[in-house]
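This briefing is meant to be read alongside the sequence and the coordinates.

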Amino acid sequence: MAVPLVSRKWFVAVGLRNLLLIFFTFVALIPILFLDGWIYYTAKDAQVLAVQEKHVLLAENVSRSMSMYVNDLKAVFIAKSESAPEPQTEELEALLRSVNIQMLAIIDVKGGSPERIAYCMGNEVFLPEAGIEALLTERRRAFAQPTKVVISPVIMNARQMPMLYMMRTTRSGSLAVAAVNTAYFRQVQQGIEFGTKGHAAILDQSGQAIAHPSREWEETAFDMSSLKPVAMMKEQAKGFAEFYSPAMQTEMIAGFAIVPETGWGVMIPQPYSEIQARVRQTRAVALGMSLLGLLLAVVVSWRLTAYILGPIRAVTVAARALASGHRIDELEIKRHMVPKEVYHLLRTFDLMAEEVLSVRATLEQRVAERTQALVKEVERRKQLERQLVEQATHDMLTGLPNRRLLAERLQSALAMSKRSGCAIAVFFLDLDGFKRVNDTYGHHVGDELLVAVAARLQASLRQGDSIFRLGGDEFVILAEQIGPTGPLTTESYAATDSASDMAAEAVKAAGYLSKKLLDKLQQPFNVRGNEIFIGGSIGIKISGVDCDETPDEIMASADDAMYKAKELGNCAIIDEGYLVSI
C-alpha cells in the first residue's frame with residue numbers, strides 16, 4: 001500500500017525555480033513602474049518647456065528678419081517716391097521687384113482729396129478693386145504724418161490677389177502709393193516646417209493671414225483674430241499659448257512674436273500630439289532600458305536557480321525515466337560544489353536505481369521467454385486452423401473446392417444474379433469410362449487422371465467461373481453471368497433461333513461451354529506413359545432472376561439432367577430438356 005507523501009487534501013505544486021523567477025520579476029517590476037510614471041511627467045514638462053523656448057525664439061528671429069525687410073521696403077519706397085517721376089529703366093524695375101513692389105504711383109492731391117494719377121510705374125490693376133477710396137484709413141494717416149510711411153493690412157487688388165499697400169505724403173504734397181505682393185512672406189513661411197504639421201503663420205496687424213500653410217486661408221486673407229495667439233499679438237504681446245487650429249484640426253502649441261514697425265504677427269505652432277509623441281518616445285527608451293535590466297535580472301535568476309536546482313532536476317528526470325522502464329546510467333555530478341544533502345540524495349538514488357533495474361531485468365527476461373513460447377503456440381494453432389479449413393472446404397487430391405464450399409458459392413451466386421439480372425448455370429459433370437481406367441491401370445493412375453482432368457477443365461473455364469469436385473469422378477462447374485436472364489420454359493428451348501429471347505441466349509451460352517468441356521475431355525490424356533481416352537456426361541441447370549429454387553433443388557435438377565445425359569453417353573442435357581450434341 002502506497003504511503004501518501006502530502007497530508008493536505010488539496011494543494012498546488014509549484015516549481016522552486018518558477019517561484020524564484022516570479023519573486024525576482026515582481027521585485028524588479030515595482031521600481032520600473034514608478035520610474036515609468038516619473039519619466040513620463042518629467043519628460044512631458046521638459047518637452048513643453050523646450051518647445052516654448054524654441055518656438056518663441058524662432059518667432060522672434062523671424063520677426064527680426066521681417067523688421068529688416070520692412071526697413072528695406074520703406075527705404076526703397078521713400079527714395080523712389082521722392083525721385084518720381086523718373087524714367088522707368090530696367091534697373092529701377094529690378095530694384096522694385098527685389099522688395100516685391102508691383103506698382104508705384106504718384107497721385108496729385110487737391111483739397112485733401114486725390115485728383116488724378118500723375119505718375120505710375122507698373123500696372124494699375126494692382127490697386128484695390130475700389131481704387132484709392134479703399135485706402136481711406138491709410139490716406140488719413142499718411143496726410144496726418146507727412147513723409148511717414150503707412151502700411152495697410154492685406155487688401156485684395158483688382159485681380160483678387162492679396163496685397164499690402166504703402167502710402168506717404170511726399171515733400172511736394174503728392175500722395176505716393178506702392179502695392180507690395182506677399183511673395184517674401186510666403187518664402188519665409190514655407191522655409192519653416194518641422195515634424196508632421198509644425199509650421200509658421202504670418203499675419204497682418206488686423207489678424208488676417210499673409211502667409212499660411214492653408215492656401216485657401218492665404219489667398220483669401222482669412223481672419224484669424226479669433227485664435228488665442230493672434231488675439232494676444234494684436235495687443236502687442238509675445239510669448240507662448242495653446243489653442244485649437246481649425247486649419248489643422250488639432251490642438252496646437254505655439255510661440256509668437258510681433259514686428260514692432262508694422263504690428264505684424266509671427267506664429268510658430270506645432271501639434272500637441274507631436275510633443276506627446278516625443279514624450280512617448282523618451283518614455284519608451286527609458287522603459288526599454290528598464291525592461292532590459294529586468295530581463296537581465298530574470299536571466300541571472302533563471303541561471304542561478306538552474307545551478308542550484310540542477311542536481312535535483314537530474315534526479316527527477318532519472319526517476320521518471322526509471323518509472324517509464326528506461327535504462328539509466330549512474331548520475332554524474334557536473335558541479336564542483338553541491339550541497340551535502342543533494343550529494344547524499346544522488347548516491348541514495350543510484351543505489352535504488354541499481355536494485356530496481358536488476359529486478360526489472362530478471363522480470364523482463366522471464367516475460368520475453370514466456371512471450372516467445374506463446375507466439376510459437378499461436379502460430380502453430382493458426383497453421384493447424386488453416387489446414388483444417390483447407391481440408392474442410394477443398395478436395396485433398398485435386399485441390400479443388402469441395403461440396404461444402406460449393407453450397408456457399410452457389411448461394412452467393414444466386415443473390416448476385418438477382419442484383420445483376422444475369423443468369424447462372426450449374427454444370428454437373430460425370431466422367432465416362434473412368435471405372436475402366438481404375439480397373440485397367442490401377443487407382444494410382446486413376447488419381448493422377450483426376451488431377452489432370454481437373455487441371456484441363458479449370459483451364460477451359462471462363463474468367464469468373466468456378467469448378468468443384470464432389471467426389472469420385474464427379475465435378476460441378478458454376479458459371480455466373482452465363483447470359484441474359486428470363487424464365488426458362490420448354491417453349492424457350494425451342495426458340496433458340498430468336499435473338500430476342502433472353503432464355504435462349506442463356507441456353508446457347510451454356511451449350512457452348514458444355515460442348516467446349518466435352519471436347520477437352522475427349523482429347524487423350526498421357527498418364528505415366530499411358531494414352532488414356534475418356535468422355536463425360538453433363539447435366540446443366542440454368543437459374544434466372546425469377547427462379548425460386550434453393551441451391552439443393554438446383555443441384556438435384558442438374559444431377560437428374562446428368563443421369564439423362566449418362567443414358568445417352570458423352571453429351572450434355574440442359575434442365576432435362578435440351579440436348580447439346582457433340
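A salt bridge is taken here as a side-chain nitrogen of Lys or Arg lying within 4 Å of a carboxyl oxygen of Asp or Glu. R462 and D465 form such a pair, with their closest N and O atoms 2.8 Å apart. The model is a predicted one, and by the salt-bridge rule the count comes to 17.

**Salt bridges**

- Within the pair formed by R462 and D465, the arginine R462 is partly exposed at 32% relative accessibility, whereas D465 is buried, its relative accessible area being 12%.
- R186 and E218 also meet through their side chains in a salt bridge, at 3.9 Å from N to O; this pair links distant parts of the chain, since R186 belongs to helix α4 (residues 183-190) and E218 to helix α5 (residues 215-219), 32 residues apart.
- R186 counts as partly exposed because its relative accessibility is 26%, while E218, at 3%, counts as buried because the limit for that class is under 20%.

- Five strands make up an open sheet with antiparallel pairing, and their order is β10-β9-β13-β12-β11.
- The edges of this sheet are β10 (209-211) and β11 (239-245), and because each has a single partner strand, one side of each is left without a neighbour in the sheet.
- From one strand to the next, the twist of the sheet averages 35°.
- Helix α4 packs on the sheet, where it touches β9 (201-203), β10 and β13, and the direction of α4 makes about 70° with that of β10.
- Strands β12 (residues 250-259) and β13 (residues 264-271) run antiparallel and are joined by eight bridges; A254, for instance, has P269 of β13 as its bridge partner.

**Nonpolar cores**

- In soluble globular proteins, nonpolar side chains tend to be buried together.
- The largest nonpolar core here contains 40 residues, and those with the most contacts inside this core are M66, I101, M166, F185 and W264.
- Helix α1 (residues 16-83) gives the most to this core, contributing eight residues.
- When neighbours within four places in sequence are left aside, M66 is in contact with Y184, F185, I202, V259, W264 and V266.
- Another core, of 36 residues, lies apart from the largest one, and V453, L461, L517 and F525 are among its members.

**A558 in helix α14**

- A558 is found in helix α14 (residues 551-568), and at 0% relative accessibility this alanine counts as buried.
- Not counting residues up to four places away in sequence, A558 touches V426, F428, G539 and K541.
- A558 and I542 are 16 residues apart in sequence, with 8.7 Å between their C-alpha atoms.

Methods
Residues are numbered from 1 along each chain as its sequence is written. This is a predicted model: local features need pLDDT of at least 70, side-chain atom pairs count only at pLDDT 80 or more; totals for chains, interfaces and linings use all residues. Side-chain values use heavy atoms; hydrogens and water are left out. Helices (H or I, at least four residues) and strands (E, at least two) are DSSP runs, numbered from the N terminus. Buried means under 20% relative accessible area, exposed over 50%, partly exposed in between (1.4 Å probe, protein chains only). Two strands pair if DSSP finds at least two bridges between them. Axes are lines fitted to C-alpha atoms, for helices over the stretch in contact, and angles run from 0 to 180 degrees between N-to-C directions. Contact means heavy atoms within 4.5 Å. A nonpolar core is a set of buried Ala, Val, Leu, Ile, Met, Phe, Trp, Tyr and Cys residues joined through side-chain atoms within 4.5 Å.
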